[in-house]
Amino acid sequence: MAPALVWLTALMVVPCALVLALAFFRRGIYGGIEYTFTLENFGLVFDPLYAGIFLNSARIAGTAALIAVVIGYAAAYAIAAAPRRLQPVFLFFAVLPFWSNYLIRTYAWIVLLNREGLITQLLRWFGYTGEQPSMLYTEGAVIAGLVYNYLPFVILACYAPLSRLNPELAEASRDLGASALTTFRRVILPLTVPGIAAGAVFVFVLSIGNFVTPALLGGGRFQMIGNLVYDQFLTANDWPFGAALAMALIAIMLLVLMAQALAADRASGRAAEAKGDADG
Amino acid sequence: MTSSPARAFGMRTILILVFAFLYIPIAVLVALSFNKGGLPTAWSGFSLKWYASLAGNSAILSAALNTLIVALVSTAIATLLGTLLAIGVEMRRQYGKGLEALIFAPMIIPDIVLAIALLSFFSMLNLTMGLHTIILAHVVFNLAFVCSVVRARLKSFDWSIVEASADLGASAITTFRRVTLPVILPAVVAGALLAFTLSVDEFIIAFFTAGAGRASTTLPMQIYAMIRFGITPEINALATIVMAVSITALTLSQRLNPGITGQ
Amino acid sequence: MTATTFLRHRSLKMPSIALGLALALSVPAAAADLVISNWDGYMAPDAMAAFKTATGVSGEVVVHATNEEIMGKLIAAGGKGYDVVFVSSPFAEVLNKLGLTEPIDHTKVPNLANLYPEATKLPHDVGNNFSVPYTWGTTGLCYRSDLVKVAPTSWSDLLAPSDDLKGKTTMLATDRWLLAAGQLDKGFSVNETDPAKMAEVKDLLISAKKTLLAYDDTTFYSKLVSGEALMVQAWDGWCNYGIAEKPEIKYVIPKEGSDLWVDTMVVMKASANKDAAFQFINFMLDAKNHAWAAQNIDYKVPNKPAMESLPADFLAKFPNMAMPVADLVKFEQLRDVGDAQRDYSKIVSEIKAAQ
């Protein structure tokens with residue numbers, strides 16, 4: 001195992017430590033790095049402009065996560081309700097798109113959404129000749145792209161706990177007089193929270209650091225942290241500030257992951273209680 | 001679960017809608033790749049001409065070759081290192097928190113962060129970037145994925161048979177070859193295929209760690225450049241081929257090791 | 001020997017083997033003599049083949065989408081990996097200030113004599129010390145004359161468009177040209193750095209964002225051809241791409257004026273093959289080759305005999321190609337603004353982040 005650990009240390013730990021170090025230096029006038037210690041890059045992260053971009057990214061990523069979880073949970077629920085022998089097939093096909101190229105899946109939405117694209121043509125086919133607002137280059141397009149790209153993972157994450165659910169639990173709940181809704185809310189949902197949390201966190205974390213989707217589907221009109229980091233490294237040539245932004249991104253990610261672990265712990269505690277109640 | 005007709009109908013509707021959402025964009029892309037006309041969005045008859053024009057596009061062919069080199073080499077290294085890592089960790093049952101984090105990190109660290117970290121690292125070392133730097137980078141996340149697939153398999157492995165084998169006088173090599181390897185082989189191959197797929201599709205890290213010019217332009221980088229310069233039927237054709245390759249690799253991987261997609 | 005020690009023993013050798021494998025396989029295959037970075041489609045497709053036939057030197061052209069992209073790569077790698085780079089003049093200035101450019105050896109580029117006198121004393125590099133102009137022109141409005149109700153005449157027609165154009169305009173995504181639209185509309189210099197004036201420009205451009213389809217500096221002309229957009233901020237030559245596909249597309253320099261942009265060729269100090277790099281530049285400046293380039297990319301070139309040799313029907317098709325040099329050089333050139341570039345970047349971030 002030594003070589004693998006050496007590899008990870010040399011090509012992940014050290015470079016990431018380097019980025020952390022970079023964040024404490026100053027940018028030269030034309031890019032490059034001046035080796036004088038400063039905290040101003042971290043201060044700049046909290047500048048209203050950049051803090052605003054963080055918040056906006058979080059909002060877009062959060063919306064994408066919410067939508068993906070709603071659709072993904074419904075899909076996972078439907079798959080788990082299907083006949084046993086069909087479940088692996090459904091699941092396989094739900095996940096398959098996830099393994100095709102991300103850029104291509106995003107590009108497919110440009111083809112669908114542009115003003116002269118397929119959706120417009122369908123509308124015309126049906127006789128609609130009115131003004132067609134652009135669907136591409138909107139926040140909706142960016143969110144649709146994110147949901148589309150990450151949905152398979154959410155389905156997977158939600159399916160795992162749903163498929164392990166003991167059907168007797170739901171029956172017991174109903175036998176005790178609970179309505180279907182109550183059963184879902186009090187028994188099924190708590191038991192599947194870890195899956196929901198994992199799916200939501202996954203979508204959120206990948207979305208907030210994404211730069212490809214806003215660049216291609218947002219028409220440059222939407223800045224997310226990913227774009228900002230990209231810009232600092234490849235266009236503004238302010239590596240130290242880019243490094244500080246990247247570290248802030250990692251910090252947000254760790255916070256979200258910790259929150260998820262905590263939520264999962266609580267949920268499993270509650271689930272055990274619920275199970276105890278149902279068994280009793 | 002029990003089902004009433006109304007509920008079954010609801011479930012079926014959900015499945016149909018979700019699969020439509022997942023597959024219509026891809027289906028449209030594939031269909032339009034066979035479009036005769038030059039507009040990438042309006043159908044005007046069947047033709048294979050965009051595939052023919054791909055075959056004559058030297059930039060795309062060289063990008064495809066680069067992608068293949070990167071994917072094969074990084075998969076080979078990652079499979080070896082990732083498998084050894086998995087065996088090492090599972091055999092000794094060392095689940096130190098730091099170790100777990102180190103192995104888990106490449107799978108969750110945002111691509112853009114790893115990408116800029118490696119870019120800074122390589123340029124600070126004054127290393128000329130090229131295919132080799134992309135390979136070095138791809139091994140990082142590939143080995144983590146191989147390791148996790150193999151570890152999943154090893155969780156149910158009974159290590160006492162390794163000891164039994166040794167007690168019976170088998171050499172370490174024989175034990176590994178005759179006992180350990182047969183058990184984990186499907187997982188190793190599945191992990192390798194997964195790594196291969198990830199590497200073929202990876203864009204962001206390759207984009208930041210590539211060197212100048214065609215010599216280290218990979219297919220996803222080429223596709224990104226093409227998309228940025230407008231939508232053309234040629235991209236549709238290229239996209240269809242790339243998807244066919246990754247989907248084949250994943251299907252193989254799935255057959256060898258059910259569970260890789262979560263089942 | 002147990003399995004563990006076997007593995008441990010074997011694993012010691014692995015890093016060196018793996019690294020060796022990675023490095024052995026990645027040594028670049030016998031590369032071309034010259035690596036040239038240019039915008040996609042910004043030279044004649046057969047230029048490199050012709051260069052090889054003429055000089056025996058092989059060159060590989062790699063493409064960059066924007067100035068910023070190639071600048072990032074050049075600065076990150078200390079200019080290594082490239083021999084000749086095509087960048088716009090303010091970026092050439094930065095490369096020069098960073099010490100990444102090789103001084104142009106005029107004895108090795110005799111075809112510099114073909115340049116218009118005006119092109120040898122451009123403010124960014126009087127005397128062509130570190131850069132050689134390749135193309136030049138204006139930035140204005142490119143529009144569908146068949147679909148807009150009133151032909152545009154002013155930057156305000158883009159920044160505060162009439163109702164029928166709302167959601168159907170694009171602006172350039174690149175910092176300097178995006179800001180230039182606002183600076184020109186306000187009557188400021190395109191190199192204005194005064195904070196109060198730049199705040200006005202920022203507010204103007206943020207309000208313009210609300211009516212914009214997208215920021216786009218690579219596909220705007222195809223959006224115009226397809227009808228996705230009806231009026232775009234464009235470089236004159238790139239508008240010509242649209243005109244070539246749809247004659248209804250027209251180009252106009254707004255009454256407030258334009259910048260004078262100059263795209264240049266620079267030789268990198270890190271180049272291992274500078275003589276061949278100069279040979280390449282000389283080849284591009286040859287009257288016939290430069291004219292051929294102009295006809296392929298539909299951009300004005302600062303080469304007197306080349307421009308004079310352009311066929312009349314070509315000039316008739318693309319009226320902005322016939323613009324007199326005296327009129328062109330009246331406009332102000334974009335210059336490197338030094339430290340103020342940081343403020344520019346921040347303003348552009350604010351514009352792009354605005355809701």
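How many residue pairs are in polar contact across the interface of chain A and chain B? I found 6, both residues at pLDDT 80 or more, taking a polar contact as N or O atoms within 3.5 Å, one able to donate a hydrogen and the other to accept it, with sequence neighbours counted only through side-chain atoms on both sides.

A note on the source: this is a predicted model, where local features need pLDDT of at least 70, side-chain atom pairs need 80 or more, and totals for chains, interfaces and linings use all residues. Residues are numbered from 1 along each chain, chains are lettered from A, and side-chain values use heavy atoms without hydrogens or water.

**Chains A and B**

By class, chain A's side has 65 nonpolar, 9 polar and 3 charged residues; here Ala, Val, Leu, Ile, Met, Phe, Trp, Tyr, Cys and Pro are nonpolar, Asp, Glu, Lys and Arg charged, and the others, Gly among them, polar.

**Helix 12 of chain C**

Next I turned to helix 12 (residues 287-297) of chain C, a DSSP run of H or I, at least four residues, numbered from the N terminus. His290(C), Ala291(C), Ala293(C), Ala294(C) and Ile297(C) are buried there (under 20% relative accessible area, 1.4 Å probe, protein chains only).

At the N-terminal end I found Asp286(C) as the cap, a side-chain oxygen 3.1 Å from the backbone nitrogen of Lys288(C). Just after the helix, Asp298(C) has a positive phi of about 60°.

Methods
Buried means under 20% relative accessible area, exposed over 50%, partly exposed in between (1.4 Å probe, protein chains only). Helices (H or I, at least four residues) and strands (E, at least two) are DSSP runs, numbered from the N terminus.
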